[in-house]
Amino acid sequence: MPKEQFIDPVKLRKARELTFTPIPINQYNRTLKEERKNFSDEDLIRIYHDMRLIREFEEMLNLIKTAGEYQGVAYNHPGPAHLSIGQEAAAVGMAYHLSVDDFIFGSHRSHGEILAKGLSAIHQLNDDRLMQIMENFFDGTILKIVQNGHKGDVKSLARRFLVYGTLAEIFARKTGFNRGLGGSMHAFFTPFGVYPNNAIVGGSADISVGAALYKKVNRKPGIVVANIGDASMACGPVWEGLSFASMDQFRKLWEGDMKGGLPLIITIMNNQYGMGGQTSGETMGYEVAARIGAGVNRDQMHAERVDGYDPLAVIDAYRRKKEILDEKRGPVLLEVLTYRYSGHSPSDASSYRDKKEVEAWQEHDSILNFAAQITKEGVCKAETLSEIETDIKELIVEMLKLSIDESVSPHMDLEAHPDKIGEMMFSNESKDKMEEGEPEVLIPLEENPRVKQIARKERFAFDKEGKPFSKMKQYQLRDGLFEAIIDRFYKDPTLIAYGEENRDWGGAFAVYRGLTEALPYHRLFNSPIAEGAIVGTAIGYAMCGGRVIPEIMYCDFLGRSGDEVFNQLPKWQAMSGNLIKMPVVLRVSVGSKYGAQHSQDWTSLVAHIPGLKVIFPATPYDAKGLMNSALQGTDPVIVFESQRIYDVGEQFHQGGVPEGYYEIPLGEPDVKRKGDDVTILSIGATLYRALEAADILEKEHQMQAEVIDARSLVPFNYEPVLESVKKTGRIVITGDATARGSFLNDFARNIADLAFDDLDAPPVVVGSRNWITPAYELEDAFFPQPHWIVDAIHQKIVPLSNHQPKEVFDEKTMIERYKRGI
Ligand SMILES: Cc1ncc(C[n+]2csc(CCOP(=O)(O)OP(=O)(O)O)c2C)c(N)n1
Ligand SMILES: [Mg+2]
């Protein structure tokens, strides 16, 4: 809500008409003769070579998949191979003008793009640089393999490196580009500017927007290209990515050299089919996919369709579109018309299309046509092209043999190293900043109004007599989060934060109040209401080397970013073979008072996903210390915050919340109250209800409860809890998540396992009811209440004398509820 942009009713209510500019379709019309001034003979032959190599590579895989053999070499590849036979000109045309500083992202069908971009990089880099890249990559492991038996120059060695690394990855070998953990659909190689390919349709769209944001904010050279399919244009993350990429603020509100559009080309690789669904004519309504650009922004995203069967047309388009990006007028939407002869995958019987259609496209084959053109034009003789073909075939046979040779290219040995993949789930680094440099800020920290306001607050909730200070006077949980975050903004020049209403408003729950004054637009901004893109762009930003704090306003909206949180954020570190770091601290606020769609605690959902760290601080001291640790790390951390307790003061840490920097390690639970008779382990805001329960137990039943605040869900150190259970022999686990399938049960199960001999009774779970969260006035019947904990102890662990339970936990009732699914 930038106040300076006045929204004038008089102007806006006037009658007028929107007009669109024509969207070019296949407008390239230069002849090869005309193009010869722009391309040397060598260039043209190279274009042929690159297309031909991709074709052979994919045909080899097709034969391996369908006949189990290529050129007499037999192999059974059980994994996927989504081939792009027919789409070569689109890939080579794209890569031609891109440098290693230009990053491409792709889809499940991106072998061709990896090879095209890699070959283009090899052409552009000098020998020293190429050797350096090959020597440094996995300590030269791949280089050593491809050097063996190689005769020739560095570029031909690099070509072997590229083909081998890609193929070994497809075959899940530990010597592949991603240690065999990515595979066919996810292979990539960042030193050549090839960024992750994504098996989730449209998955690369919002991630690539984040990569472009990284380039812009950190003033990095190069552009970003997302190669996504025509069918992906139906996907939510793609639309959210388009919305995010084309926000007006880049041009209207960002200042100085930050003013201007994102350096991004979203390329629709339009092969005209999803798997079997025909996009134009059946499953979509756009007819020409480039039409979409017209609805996105005033520039119509400079959208056009080019003929992807002519490599020179594609090269021309990229050259022109790159110019637009250089002028900061991005983003661009480019539709590249193409066609795959190969099935969606080798098991595809092509039942959805007529053989004649495939044949008709084969008659227009880009490689054959281009070969005919260049020989006709006298660029080279047909024999030269045959020699190229022979050379490519030899290369591919040789690399195939190497990549399937178990002694050269083994699979990861998980018998000898059972935890090898486990070790790759997190990077666990500790870094003040992701890059050297001076962070851009607007005022010195001490001049910040919020910092000044906090300086006047009481950092411990109680005075010397134990009386609480007024709420306004107390240093609150939101202040703890703020201090950790603003401190990092002044340390790490790459750090940015965004989400809904983050700027000016100060975040919906006032954690960011004071940040707007401190930071330029490009470090703190309002995003569109696009939770998928909020997380997806953060993933792309982090992948490229930045640190970022995206925010989801209510936990219930996590569903909107399901793919990003479940499939992307947690997986890329391990899928990359640990080449990628993911310093994304995702803040998620758990709602209160707003009913069913605004008050659910979904900690369990994310704790279930391998690859995410999950914390839920419940005190100002823990909020600051845990947030500091999350921001110091290089792993994705989901930080849950409860709206019930943003305003609590520090009641536990004697001396109050320290003013300086300190870290609380992720994974360490904390004993908030000592006791010998029963342990209560709580998650998040339920801590305060657990403490009330402890008061009741003490006053009414002379029982001392030990209350442990989990603080973290993943990772989690069970030792302090086991220590407590050894003493008490009893444990109740409580939190606000609906009990069924919750992490509370995970805790219970593991504690039963680990402390069986010390327990007098099985661990008891007290979670929320398996209902919708009702209105605030009815919430007490839904969320665990202090007396529920007492009632559960009475009914499930030890009978309490003179106790009349109100909440029922007996077996009969529970079995009945389970039967009814509630
Ligand atoms: C979210 C999601 N839905 C469905 C699939 C299964 N699937 C894989 S590829 C594909 C078709 C994709 O078509 P398009 O985006 O045009 O790419 P193309 O395969 O044509 O290259 C489908 C439905 C998937 N991988 N991800
Ligand atoms: Mg398609």
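1. Asp635 and Lys613 are both buried. Their side chains meet in a salt bridge, with N and O 2.9 Å apart. Asp635 sits in the loop between helix H25 (620–632) and strand S14 (637–642), while Lys613 belongs to strand S13 (residues 613–615), so the pair ties together parts that are 22 residues apart in sequence. Please keep in mind throughout that this is a predicted model.

2. The salt-bridge count comes to 55. One of these joins Asp257 to Arg219, with the closest N and O atoms 2.5 Å apart. Because Asp257 lies in the loop between H11 and S6, and Arg219 in the loop between helix H9 (203–217) and S5, the pair links parts that are 38 residues apart in sequence. Asp257 is partly exposed at 40% relative accessibility, and Arg219 is partly exposed at 43%.

3. Another pair worth a look is Lys491 with Asp487, a salt bridge whose closest N and O atoms are 2.9 Å apart. Lys491 counts as partly exposed, at 23% relative accessibility; Asp487 is also partly exposed, at 22%.

4. Now to strand S5 (residues 224–229): 5 of its 6 residues are buried, so the strand is largely enclosed by the rest of the structure. S5 pairs in the parallel sense with strand S3 (residues 103–107) over 3 bridges, and there Phe103 stands opposite Val224. S5 also pairs with strand S6 (residues 264–270), again in the parallel sense, over 6 bridges; here Ile228 stands opposite Ile268.

5. On the surface, Lys11, Lys14, Arg16, Lys252 and Arg298 gather in a patch of positive charge. Lys252 lies in helix H11 (residues 249–252) and is partly exposed, with a relative accessible area of 47%.

6. There is a negative surface patch too, formed by Glu4, Glu255, Asp504 and Glu517. Asp504 is in the loop between strand S9 (496–499) and helix H20 (515–518). With a relative accessible area of 33%, Asp504 is partly exposed.

7. Finally, a word on Glu387, which is found in helix H16 (residues 382–404). Glu387 is exposed, with a relative accessible area of 55%. Its C-alpha atom is separated by 48 Å from that of Met434, a residue 47 positions away along the chain.

How values were computed
Residues numbered from 1 in each chain as written. Chains lettered and ligands numbered in written order. Predicted model: local features only at pLDDT ≥ 70, side-chain atom pairs only at ≥ 80, totals over all residues. Heavy atoms only, no water. Patch = residues over 30% accessible without salt bridge, like charges linked within 9 Å, V, L, I, M, F, W, Y side chains within 5 Å. Areas by Shrake-Rupley, 256 points an atom, 1.4 Å probe, with all protein chains shown as cover. Salt bridge = Lys/Arg side-chain N within 4 Å of Asp/Glu carboxyl O. Lys, Arg positive; Asp, Glu negative; His and termini not counted. Charge placed at Lys NZ, Arg CZ, Asp CG, Glu CD. Helix = DSSP H or I, 4+ residues; strand = E, 2+ residues; numbered from the N terminus. Buried < 20%, exposed > 50% of the residue type's maximum accessible area, 1.4 Å probe, protein only. Pairing = 2+ DSSP bridges.
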